[in-house]
Amino acid sequence: MTTDPRPIRPGRPRPWNDPRVRSVVFQILAIAGVAWVGYTLFQNTISNMESRGISTGFGFLNETAGFGIIMSLIPYNETMSYGRTFLVGLANTLLVSGLGILLATIVGFVVGIARLSSNWLVAKVALAYIEIFRNIPLLLQIFFWYFAVLGALPGPRQAVSVGDIAFMSNRGIVLPKPVFEPGAWVMGAGLVIALVTILVLAIWARRRQAATGRIFPVLPIAIVLIPGLPLLGYFLTGGPVSWDVPSLGGFNFRGGITAIPELGALLLALTLYTASFIAEIVRSGIVSVNTGQTEAALALGLPARRVLRLVVIPQALRVIIPPLTSQYLNLTKNSSLAVAIGYPDLVNVFMGTTLNQTGQAVEIVAMTMAVYLTISLAISLLMNLYNRAVALKER
């Protein structure tokens with residue numbers, strides 16, 4: 001009896017027995033089901049709105065708004081369209097979210113490092129800050145800063161003055177406004193050139209240090225170039241910038257640029273609340289770094305501040321960045337609480353006043369949701385790219 005020496009090859013499984021085929025089929029069915037449910041809900045909504053005489057579509061964006069907004073980063077008046085109110089609310093939302101992320105990151109890192117300080121008083125003050133601001137609801141903190149702190153400031157006639165050019169009252173902080181004249185673009189070009197030069201120099205310095213071990217002083221050069229080149233452009237073009245200094249006229253200030261108290265209260269609350277969570281994230285990231293790394297760096301003679309900046313923080317970032325991204329997303333979404341104190345963000349201006357006047361609930365809510373979704377996805381994308389750039393790479 002002879003045997004076949006060829007190996008026995010298993011037959012190709014039938015399509016319904018192939019797990020890869022089944023997974024694709026199930027995903028297609030799930031997507032089709034979700035699409036069908038969404039289409040059905042959309043059709044029912046449109047039918048119900050038509051039966052009640054409610055118009056649909058985005059034509060309302062071209063209609064005249066007819067209401068004022070207390071703060072606008074872009075030109076706006078009552079004669080402009082509802083589409084313009086959308087842009088005004090979006091700009092105000094991006095402003096408070098961007099400033100909040102920047103300030104909360106700075107405060108959070110400082111408090112998180114102070115939490116691990118060997119100084120007993122500094123560590124306990126940082127701990128008290130974290131426990132207080134983290135455990136008080138954000139809305140209550142917004143009310144506290146708006147009504148108890150900023151609302152208690154004197155009126156415009158008794159405003160706190162700084163050199164008769166800046167004023168602080170319960171109407172906000174009024175500062176001189178720069179007025180750019182022809183030729184001011186040279187200053188902006190100087191600033192851009194300075195920033196690009198510093199960026200290129202920093203990349204070159206890092207590669208040089210990795211190859212030779214020698215450190216190139218980028219920071220002193222940046223301190224000179226960033227203000228120096230715009231100032232050079234200012235003098236070369238004959239000073240193309242003037243200042244609109246505010247002055248008291250009647251019951252309020254005229255001229256200058258005003259930071260309304262609603263912005264200040266919201267920004268303070270978002271910053272201090274989110275920074276308390278970021279501080280704990282930073283502390284946990286630093287603690288996760290092996291103490292042997294710190295001891296080895298100190299044994300080489302590095303000062304403590306350089307050990308923290310060059311050894312500990314770069315390794316801690318791989319632990320810090322993922323939860324830090326979540327805090328950035330939370331801060332952006334929490335900015336919608338601005339409606340409680342009347343700050344003209346997207347929810348207040350567009351989903352509030354515009355919705356009440358037009359009745360276009362489906363379109364306005366959909367646009368607002370799409371904006372917050374886009375902002376969140378953009379923040380996640382940027383943080384993921386940064387996380388990939390600073391991640392430890394094995395050779």
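Let's start where strand β3 meets strand β8 (residues 257–259): the two run antiparallel and are joined by three bridges. Strands here are DSSP runs of E with at least two residues, helices are runs of H or I with at least four, and both are numbered from the N terminus; two strands pair if DSSP finds at least two bridges between them. Within this pairing, Ile173 has Ala259 of β8 as its bridge partner.

A word on what you're looking at: the model is predicted, so local features need pLDDT of at least 70 and side-chain atom pairs pLDDT 80 or more, while totals for chains, interfaces and linings use all residues. Residues are numbered from 1 along each chain as its sequence is written, and side-chain values use heavy atoms, with hydrogens and water left out.

On to β2 (residues 166–169), which pairs with β3 (residues 172–175) in the antiparallel sense over three bridges. Phe167 is partnered by Val174 in β3, and two residues sit between the strands of this hairpin. Put together, you get an open, antiparallel sheet of four strands in the order β1-β2-β3-β8. Its edges are β1 (160–162) and β8, each pairing on one side only.

Now the helices. Helix α9 (residues 304–334) has 31 residues and, if straight, would span 45 Å at 1.5 Å a residue, but its end C-alpha atoms are only 37 Å apart. (The expected span is 1.5 Å times one less than the number of residues.) Look at Leu317: a kink of about 50 degrees is centred there, the bend being the angle between axes fitted to the seven residues ending at a residue and the seven starting there.

Finally, find the contact (heavy atoms within 4.5 Å) between α10 and α11. Among the residues of α10 that meet α11 are Phe350, Met351 and Leu355, and those on the α11 side include Ile364, Val365 and Tyr372.
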